[in-house]
Amino acid sequence: MSGTTAITALLIGDKLYVANVGDSRAVLAVKEGNKIVGQDLSRDQTPFRVDECERVKLCGARVLSVDQVEGLKDPGIQSWGDEETEGGDPPRLWVQDGMYPGTAFTRSVGDRLAEKIGVVADPEVSMVELSAKHPFFVVASDGVFEFLPSQTVVDMVTKYADPRDACSAIATESYKLWLEHENRTDDITIILVQIKELTNR
């Protein structure tokens with residue numbers, strides 16, 4: 001009943017490929033005039049996404065929040081808003097006749113039980129051609145992005161010259177926000193890659 005999400009970044013010359021399974025995320029910093037804007041290179045694979053929600057339902061999953069499973073909210077109402085504003089009691093995947101596995105993502109690696117209800121390890125892959133307008137990219141687990149939007153993470157990185165300091169600040173802020181909202185934390189992992197000189201090799 002335990003697996004993991006996975007996100008990878010592969011740089012070949014000036015092309016950055018990102019493969020994602022689950023709700024970890026890759027974000028590219030893009031210079032736009034005087035601003036640095038965060039551009040998501042992956043899409044979280046959760047039941048908040050209509051396409052993913054429908055896919056797992058076709059595989060036999062029940063998609064309900066914990067409050068719906070426990071009878072506190074009407075299970076017939078299949079409207080959860082969006083992940084950025086309604087993440088407190090997210091929709092989760094359940095087998096038809098039980099209260100498990102309860103995953104808040106629709107793709108992962110190694111969740112053998114959840115495979116039976118459509119949780120697959122098939123990645124979504126994106127590619128972007130890097131240029132001088134891309135100073136860095138971030139690859140991080142959902143424990144970072146649970147309470148920090150992509151743009152906030154990019155803004156935090158720009159405040160530090162040393163990438164280790166930026167990663168430490170983001171991890172610290174993520175940890176603090178988890179404890180403000182929950183009595184636990186999730187995995188908080190972040191990798192920051194500064195892009196200084198590109199070659200076509």
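## Close-up views of a predicted model

**View 1. Contacts of Ile 190 within the nonpolar core.** When its neighbours within four places in sequence are left aside, Ile 190 is in contact with Val 138, Val 139, Ala 140, Val 144, Val 153, Cys 167 and Ile 170. As in every view described here, the coordinates belong to a predicted model. The largest nonpolar core has 19 residues, and those with the most contacts inside it are Val 138, Val 153, Ile 170 and Ile 190. Two or more residues are given to this core by each of strand S3 (25-32), strand S9 (136-140), H4, H5, H6 and strand S10 (190-194), with the largest share, five residues, coming from H6. As a general background to this view, nonpolar side chains in soluble globular proteins tend to be buried together.

View 2. Strand S9 is mostly covered, since five of its five residues are buried. Phe 136, Val 138 and Ala 140 lie on one side of S9 and Phe 137 and Val 139 on the other, and these residues are all buried, so that both faces of the strand are covered. S3 and S9 run antiparallel and are joined by four bridges, and Ala 26 has Val 139 as its bridge partner in S9. S9 also pairs with S10, again in the antiparallel sense, over five bridges, and here Ala 140 stands opposite Ile 190 in S10.

**View 3. The aromatic pair of Phe 147 and Trp 178.** A search of the whole structure finds one aromatic pair. This pair is formed by Phe 147 and Trp 178, whose rings are arranged edge-to-face, at 5.1 Å centre to centre and with 80° between the planes. The pair links distant parts of the chain, because Phe 147 lies in the loop between helix H4 (142-145) and helix H5 (150-157), whereas Trp 178 belongs to helix H6 (residues 163-181), and the two are 31 residues apart.

**View 4. Arg 25 and the ring of Phe 145.** In this view the charged end of Arg 25 sits over the ring of Phe 145, at 4.4 Å from the centre of that ring.

View 5. Arg 49 has its place in the loop between strand S4 (35-40) and helix H1 (50-58). With a relative accessible area of 8%, Arg 49 is buried. Leaving aside its neighbours within four places in sequence, Arg 49 is in contact with Arg 43, Asp 44 and Glu 124.

**View 6. The open sheet S1-S2-S8.** Three strands make up an open sheet in the order S1-S2-S8, and their pairing is antiparallel. Strand S1 (6-12) and strand S8 (124-129) are the edge strands, each of which pairs on one side only. Neighbouring strands of this sheet are turned against each other by 15° on average, direction ignored. S1 and strand S2 (residues 15-21) run antiparallel and are joined by seven bridges, and the bridge partner of Ala 9 in S2 is Val 18.

Technical notes. Residues are numbered from 1 along each chain as its sequence is written. This is a predicted model: local features need pLDDT of at least 70, side-chain atom pairs count only at pLDDT 80 or more; totals for chains, interfaces and linings use all residues. Side-chain values use heavy atoms; hydrogens and water are left out. Rings of Phe, Tyr and Trp (its six-membered ring) pair if their centres lie within 6.5 Å; planes under 30 degrees apart count as stacked, over 60 as edge-to-face and the rest as tilted. A charge sits over a ring if NZ of Lys or CZ of Arg is within 6 Å of the ring centre and within 35 degrees of the ring normal. Two strands pair if DSSP finds at least two bridges between them. Axes are lines fitted to C-alpha atoms, for helices over the stretch in contact, and angles run from 0 to 180 degrees between N-to-C directions. A nonpolar core is a set of buried Ala, Val, Leu, Ile, Met, Phe, Trp, Tyr and Cys residues joined through side-chain atoms within 4.5 Å. Buried means under 20% relative accessible area, exposed over 50%, partly exposed in between (1.4 Å probe, protein chains only). Contact means heavy atoms within 4.5 Å.
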